[in-house]
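Welcome! Please take a moment with the sequence and the structure before reading on.

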Amino acid sequence: MSSSGTAFGIASGVVVDTHVSRITQRLGLTAERDAVKIERDLMAELPKREWIDFSHELIHHGRRICIARRPKCDVCPLDELCPRIGVEASRPVRRVKKKSSATTTRSQRVPT
Ligand code: SF4
């Protein structure tokens with residue numbers, strides 16, 4: 001992983017953080033799960049001049065659109081290209097159950 005890219009403009013590798021890892025897997029750019037192996041795959045596929053910007057763009061994309069738990073595929077510019085590997089077709093919306101009132105008021109009690 002490289003940190004000299006942003007500071008000095010020296011492309012010595014492709015930064016692979018959680019966003020880059022997740023999105024490259026979803027896009028089918030790598031089948032690896034280990035950051036070092038993902039970086040190796042990306043370095044083999046991308047021209048060196050793209051290494052720095054590619055990571056920044058994917059990190060931004062991962063924060064705004066291709067978020068971990070609920071990617072916004074319906075507004076994603078990569079929608080038509082992306083095989084969405086590992087993305088569930090539609091996740092049910094988790095609803096919060098309303099608390100039922102366990103106590104009754106005096107006026108709700110039925111006289112016996
Ligand atoms: S289409 Fe969906 S899974 Fe693919 S990159 Fe866009 S948001 Fe992520």
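The sections below go from the overall layout to the helices and then to the ligand.

## Overall layout

Please keep in mind that this is a predicted model. The protein has 4 helices and 0 strands, and from the N terminus on its elements follow the order α-α-α-α.

Of its 112 residues, 18% count as buried. If you take the contacts between residues at least 6 apart in sequence, 54% of them join residues at least 24 apart.

Which residues of helix α3 are buried? In this helix, which spans residues 35–45, they are Ile-38, Glu-39 and Leu-42. These residues lie on the same side of α3, because they cover an arc of only 100 degrees around the axis. Val-36 and Ala-44, on the other side of α3, are exposed. As for what covers the buried residues of α3, that includes α2 (18–26).

## A look at Leu-42

Leu-42 counts as buried because 23 other C-beta atoms lie within 10 Å, where the cut-off for a buried residue is 20 or more.

Leaving aside residues up to four places away in sequence, Leu-42 touches Val-14, Thr-24, Leu-29 and Thr-30. Take Thr-24 from that list: Leu-42 and Thr-24 are 18 residues apart in sequence, and from C-alpha to C-alpha they are 8.7 Å apart in space.

## How α2 meets α4

Two packed helices are described by the angle between their axes and the distance between the axes. For α2 and helix α4 (residues 51–64), the angle is about 85 degrees and the axes are 8 Å apart. That angle makes α2 roughly perpendicular to α4, since 65 to 115 degrees counts as roughly perpendicular.

On the α2 side, the residues in this contact are His-19, Val-20, Arg-22 and Ile-23. They meet Ser-55, Leu-58, Ile-59, His-61, Gly-62 and Arg-63 in α4. Sorted by class, the contact of α2 with α4 has 4 nonpolar, 4 polar and 2 charged residues.

## Around the ligand

Now for the ligand: how many residues surround it? There are 14, and the closest are Cys-66, Pro-71, Cys-73, Cys-76 and Cys-82.

By class, the shell around the ligand divides into 10 nonpolar and 4 charged residues, with no polar ones.

Definitions and conventions
Residues are numbered from 1 along each chain as its sequence is written. This is a predicted model: local features need pLDDT of at least 70, side-chain atom pairs count only at pLDDT 80 or more; totals for chains, interfaces and linings use all residues. A residue is near a molecule or strand if its C-beta atom, placed from the backbone, lies within 6 Å of it. Ala, Val, Leu, Ile, Met, Phe, Trp, Tyr, Cys and Pro count as nonpolar, Asp, Glu, Lys and Arg as charged, and the others, Gly among them, as polar. A residue is buried if 20 or more other C-beta atoms lie within 10 Å of its own, exposed if 12 or fewer, and partly exposed in between; C-beta atoms are placed from the backbone. Helices (H or I, at least four residues) and strands (E, at least two) are DSSP runs, numbered from the N terminus. The arc is that of the directions from the helix axis to the C-beta atoms. Two residues are in contact if their C-beta atoms, placed from the backbone, lie within 7 Å. Axes are lines fitted to C-alpha atoms, for helices over the stretch in contact, and angles run from 0 to 180 degrees between N-to-C directions. Angles under 35 degrees count as roughly parallel, over 145 as roughly antiparallel, 65 to 115 as roughly perpendicular and the rest as oblique.
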